[in-house]
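Q: I would like to learn how to read features off a model like this one. Please take me through them one at a time.

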Amino acid sequence: MIKNGIAVFLLSVAVVSCKKEAAVSEVKPATDSVAGTGIKEDQYKPVDTACSSTNKTEDYITALEWYRTKIEREIAGNSPEQNNKVYDDYVKIRNKYTECLSALHAHVLEMYVSYYDSDKERHNLPDSVKNLATELKKAELEFREVGEGMTEIWTIPGYYSSIFKAKVTPDYDAYISQTDKESESNYAADAGLMITWEELGDRLMFWENFMSRYPKSRLIKTVKQDYNMYLSDYLLGMDNTPTYEKDYDKGTGKLYDENRAEFNRVIKKYPNSNTAKKAKELITLFDAQISVDQIHERINVE
């Protein structure tokens, strides 16, 4: 980077040598510093996404901030199809840096739940953890308690939409918007569902409609996997939130009223959907007093 004194000297030489009036060329402004470190952006190289014990919190935060700036500039001149690939790559990069931050602060994540004051119904965080939370916020990251005494570092809800909305193809736009929405609250914790059965039913229908509308999307494989996971939980429940009560002596079961009502809601509202078809099949099997083990075998969500 040319120092101001040298720049003035060179400009003076040019004026004298020309000995005539000339337009002064526009001087390229210095690039912004990265995350206030004093490092010019064109001189900065982000730390590797492979975690290293020599890297510090600020190294990862600075890299995350730098990548966001880079991505925003890049997508401004790209086609929607190009930005699909940018999004895919960017998610991988953020996930890797987040994993590195999680490994670096494993002790904090392990202790985080113990900072909760049940009497005051809020966390009483040490200053060091407060400072870490402030650093994470710079990169749009936050602590998220996910159940069973575990805390993780997550990207804040709405982050990807704030960057890629209307800059990718329609399938990616719908995918990013929905996944951002779903990240607003925990899906499950402690082997139990954290959202309502109706919310899960609506979530299933969104993804079923997505697959129908965008059958050739590059996202189909990922969406289908998520849909099948949701469908299994919707039909049979989770360990601590089952959809039926089991008679252990007979080996049969009975659907809970709220689950039967939810299945009938989806069957009525989306009669031609795969979700409705599976719900009908499940109701029939339980009403026929088929053993629970056989029902699990017959309900194939693949």
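A: Start with the disulfide, defined as a pair of cysteine sulfur atoms within 2.5 Å. Here Cys51 is joined to Cys100 by a disulfide, S to S 2.1 Å. Before going on, note that this is a predicted model: local features need pLDDT of at least 70, side-chain atom pairs count only at pLDDT 80 or more, and totals for chains, interfaces and linings use all residues. Residues are numbered from 1 along each chain as its sequence is written, and side-chain values use heavy atoms, with hydrogens and water left out.

Q: How many disulfides does a search of the whole structure find?
A: One.

Q: What is the handedness of the disulfide of Cys51 and Cys100?
A: Look at the torsion about the S-S bond. For Cys51 and Cys100 it is about -95 degrees, so the disulfide is left-handed.

Q: Which parts does the pair tie together?
A: Elements first: helices (H or I, at least four residues) and strands (E, at least two) are DSSP runs, numbered from the N terminus. Cys51 sits in the loop between α1 (4–18) and α2, and Cys100 sits in helix α3, so the pair links parts 49 residues apart in sequence.

Q: Is Cys100 buried or exposed?
A: Buried means under 20% relative accessible area, exposed over 50%, and partly exposed in between (1.4 Å probe, protein chains only). Cys100 has 2% relative accessibility, so it counts as buried. Cys51, at 46%, counts as partly exposed.

Q: How do I check the length of helix α2?
A: The expected span is 1.5 Å times one less than the number of residues. Helix α2 (residues 57–76) has 20 residues and should span 28 Å; its end C-alpha atoms are 29 Å apart, which agrees.

Q: What do the buried residues of α2 pack against?
A: Contact means heavy atoms within 4.5 Å. The buried residues of α2 include Tyr60, Trp66, Tyr67 and Ile71. The partners of the buried set are α3 (80–104), α5 (127–138), β3 (141–147) and α6 (159–164).

Q: What about helix α7?
A: Helix α7 (residues 170–182) has 13 residues. Its first and last C-alpha atoms are 18 Å apart, close to the 18 Å expected. Among its buried residues are Tyr172, Tyr175, Asp180 and Glu182. The cover over the buried residues of α7 includes α3, α6, α8 (197–213) and α9 (220–236).

Q: How many salt bridges does a search of the whole structure find?
A: Side chains of opposite charge can pair when their charged atoms come close. A salt bridge is a side-chain nitrogen of Lys or Arg within 4 Å of a carboxyl oxygen of Asp or Glu. The search finds 12.

Q: Which residue forms a salt bridge with Glu72?
A: Arg68, with the closest N and O atoms 3.0 Å apart. An α-helix has 3.6 residues a turn, so residues three or four places apart point the same way. Glu72 and Arg68 are four residues apart in helix α2, about one helical turn. Glu72 is partly exposed at 35%.

Q: Where else can I see that spacing?
A: In helix α2, Lys70 and Glu74 are also four residues apart. Their side chains form a salt bridge at 3.3 Å, N to O. Lys70 is partly exposed at 33%, and Glu74 is partly exposed at 32%. In helix α5, Lys138 and Glu135 are three residues apart, about one turn. Their salt bridge is 2.9 Å, N to O.
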